[in-house]
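Grab your viewer and follow along.

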Amino acid sequence: MAAMAGRAAALRGSGVRFRWRTRVAAGGVRGAARDAAGRQDYDLLVIGGGSGGLACAKEAAQLGKKVAVVDYVEPSPRGTRWGLGGTCVNVGCIPKKLMHQAALLGDMIRDAPHYGWEVPQQVPHDWRKMAEAVQNHVKSLNWGHRVQLQDRKVKYFNIKASFVNEHTVCGVTKGGKETMLSAEHIVIATGGRPRYPTNIEGALEHGITSDDIFWLKESPGKTLVVGASYVALECAGFLTGLRLDTTVMIRSIPLRGFDQQMSSLVTEHMASHGTHFLRGCTPSRVKKLPDGQLQVTWKDLASGREDMGTFDTVLWAIGRVPETRSLNLEKAGVNTNPNSHKILVDAQEATSVPHIYAIGDAAEGRPELTPTAIMAGRLLAQRLCGQTSDLMDYDNVPTTVFTPLEYGCVGLSEEEAVARHGEEHVEVYHAYYKPLEFTVAERDSSQCYIKMVCLREPPQLVLGLHFLGPNAGEVTQGFALGIKCGASYRQVVQTVGIHPTCAEEVAKLRIAKRSGLDPTVTGC
């Protein structure tokens with residue numbers, strides 16, 4: 001905390017401040033664009049109405065600035081469209097968590113007889129009813145965002161924007177009408193969209209992505225999920241939980257970028273609970289059969305052998321691409337990474353053009369997570385309004401993968417810690433545990449596992465925490481604060497646990513990996 005305070009003090013001492021400049025046009029009229037028909041002038045223009053963009057816009061407006069938000073959703077290749085709020089609200093975190101909850105309820109129904117509830121075990125699930133309820137909630141959030149912008153006097157334009165110059169964008173409505181907008185500062189928060197494998201025959205014509213799955217009116221039926229990202233595993237997890245025949249095709253490793261021991265346990269649990277896996281395979285063709293089913297041909301990379309299978313739905317979850325290529329960034333002089341097409345930014349979220357910024361998934365090197373985009377957006381607005389000099393800290397950002405057995409983590413993976421500090425300087429404390437809720441229901445807890453990655457030298461600073469089990473997000477969020485504040489292993493184990501909970505097992509970690517002792521928790 002002292003280091004963070006020192007850094008903030010150093011920034012304040014350096015006189016780093018943003019000032020709103022008042023541009024004066026001929027005749028003394030404020031704003032260079034007001035002299036042209038249909039053009040408006042703003043202190044801040046935000047391109048993108050997702051979580052980060054809306055947070056930035058609302059914060060700046062609350063601090064007294066004249067703000068506009070421009071947002072437009074191109075329908076998916078399947079024709080799916082949605083309202084204001086971005087990926088998280090419409091086709092990401094929110095509908096995903098709700099469908100994950102629907103699947104968890106199915107597990108609870110199976111547990112219920114063990115606790116004395118006389119519940120039929122063959123309880124059918126109604127996809128249409130679930131989807132309608134989820135979609136109605138999402139639409140209420142869309143409306144809520146519209147109301148919030150109106151309450152804060154933020155002007156909202158449902159237009160597709162592209163740069164004309166470094167201070168001006170041209171927005172086009174669905175009907176083709178153009179609107180010119182200019183602003184002193186511009187924030188790009190356009191996020192990203194799912195990637196389609198354009199090299200695979202039939203992929204675009206017959207496949208769907210996470211842009212579509214939550215808006216399907218009918219059950220997807222037997223589904224092939226292609227990819228090993230958290231999106232792929234989360235979707236496959238809730239589809240299996242809803243008792244749909246689900247297969248995941250993985251080219252290399254699951255959850256790239258996450259701790260690989262934890263990733264293996266995640267997929268091991270999924271496989272033991274009904275999800276099928278095709279490992280080391282890549283699809284080569286998707287063909288629609290006369291009966292409407294999809295015939296998928298794939299190749300086993302190890303043997304070179306081709307195989308095929310039939311599915312009702314093929315879901316591509318092979319990564320995302322930033323929504324930057326239609327912005328005409330070159331007209332404003334904004335530089336991007338030529339490979340990722342993400343916008344290059346500095347620690348202040350500024351692009352190669354000092355008054356143009358980028359936050360969230362469209363910015364290079366930033367976590368593709370809603371909460372980081374929101375915080376980065378708010379801090380940027382506060383800096384622009386002279387309220388603070390604090391920068392977004394992207395270290396020790398917690399997150400959770402909402403697979404059937406949830407995986408929460410914060411800080412470094414074991415692999416990253418070893419690479420950064422050397423194996424001899426890293427101590428890993430771990431435990432296999434059994435949630436109390438699993439006991440009476442006789443659930444398998446083989447993959448319920450926790451590990452804390454620490455520096456070996458006293459006071460054993462905690463470098464990372466990894467938790468696999470029920471309510472992982474709730475557990476990880478709490479410990480994330482301590483780790484953010486520089487908690488040591490000693491401080492964690494001196495913390496009194498809440499009994500009986502899964503979270504208390506973190507405070508009870510005593511077995512170091514290097515000891516070779518059995519880390520299985522016995523007793524209560």
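In this predicted model, four strands line up as an open sheet in the order E10-E9-E8-E14, with parallel pairing. Strands E10 (276–279) and E14 (313–316) sit at the edges with a single partner strand each, so one side of each has no neighbour in the sheet. From one strand to the next, the twist averages 20°.

Zoom in on one pair: strand E9 (residues 246–250) runs parallel to E10, and four bridges link them. Thr247 has His276 in E10 as its bridge partner. Helix H8 packs on this sheet and touches E8 (223–226), E9, E10 and E14. The direction of H8 makes about 160° with that of E9.

There's an antiparallel pair to look at too. Strand E11 (residues 281–288) and strand E12 (residues 294–300) pair that way over seven bridges, with Lys288 opposite Leu294 of E12. Five residues lie between the strands of this hairpin, and Gly292 takes a positive phi there, near 95°.

| Strand pair | Sense | Bridges |
|---|---|---|
| E9 and E10 | parallel | four bridges |
| E11 and E12 | antiparallel | seven bridges |

Now for the insides. Nonpolar side chains tend to be buried together in soluble globular proteins. Here the largest nonpolar core has 68 residues, and the members touching the most others are Trp127, Ile213, Phe238, Tyr407 and Met452. Helix H8 (residues 230–241) gives this core its largest share, six residues. Another core, of 25 residues, lies apart from it and includes Val46, Ala189, Ala350 and Tyr357.

What does Met452 touch, once its neighbours within four places in sequence are set aside? The contacts are Glu427, Val428, Tyr429, Val462, Gly464, Leu465, Tyr489, Val492, Val506 and Leu509.

Last stop, helix H2 (residues 51–62). Its twelve residues reach 16 Å from first C-alpha to last, close to the 16 Å expected at 1.5 Å a residue. Is H2 largely enclosed or largely open? Ten of its twelve residues are buried, so the rest of the structure largely encloses H2. The buried set is Gly52, Gly53, Leu54, Ala55, Cys56, Ala57, Lys58, Glu59, Ala60 and Ala61, so keep an eye on Lys58 and Glu59, which are both buried under the cut-off of 20% relative accessible area. After H2 comes Gly64, with a positive phi near 100°.

Technical notes: Residues are numbered from 1 along each chain as its sequence is written. This is a predicted model: local features need pLDDT of at least 70, side-chain atom pairs count only at pLDDT 80 or more; totals for chains, interfaces and linings use all residues. Side-chain values use heavy atoms; hydrogens and water are left out. A nonpolar core is a set of buried Ala, Val, Leu, Ile, Met, Phe, Trp, Tyr and Cys residues joined through side-chain atoms within 4.5 Å. Buried means under 20% relative accessible area, exposed over 50%, partly exposed in between (1.4 Å probe, protein chains only). Helices (H or I, at least four residues) and strands (E, at least two) are DSSP runs, numbered from the N terminus. Contact means heavy atoms within 4.5 Å. The expected span of a helix is 1.5 Å times one less than its number of residues. Two strands pair if DSSP finds at least two bridges between them. Axes are lines fitted to C-alpha atoms, for helices over the stretch in contact, and angles run from 0 to 180 degrees between N-to-C directions.
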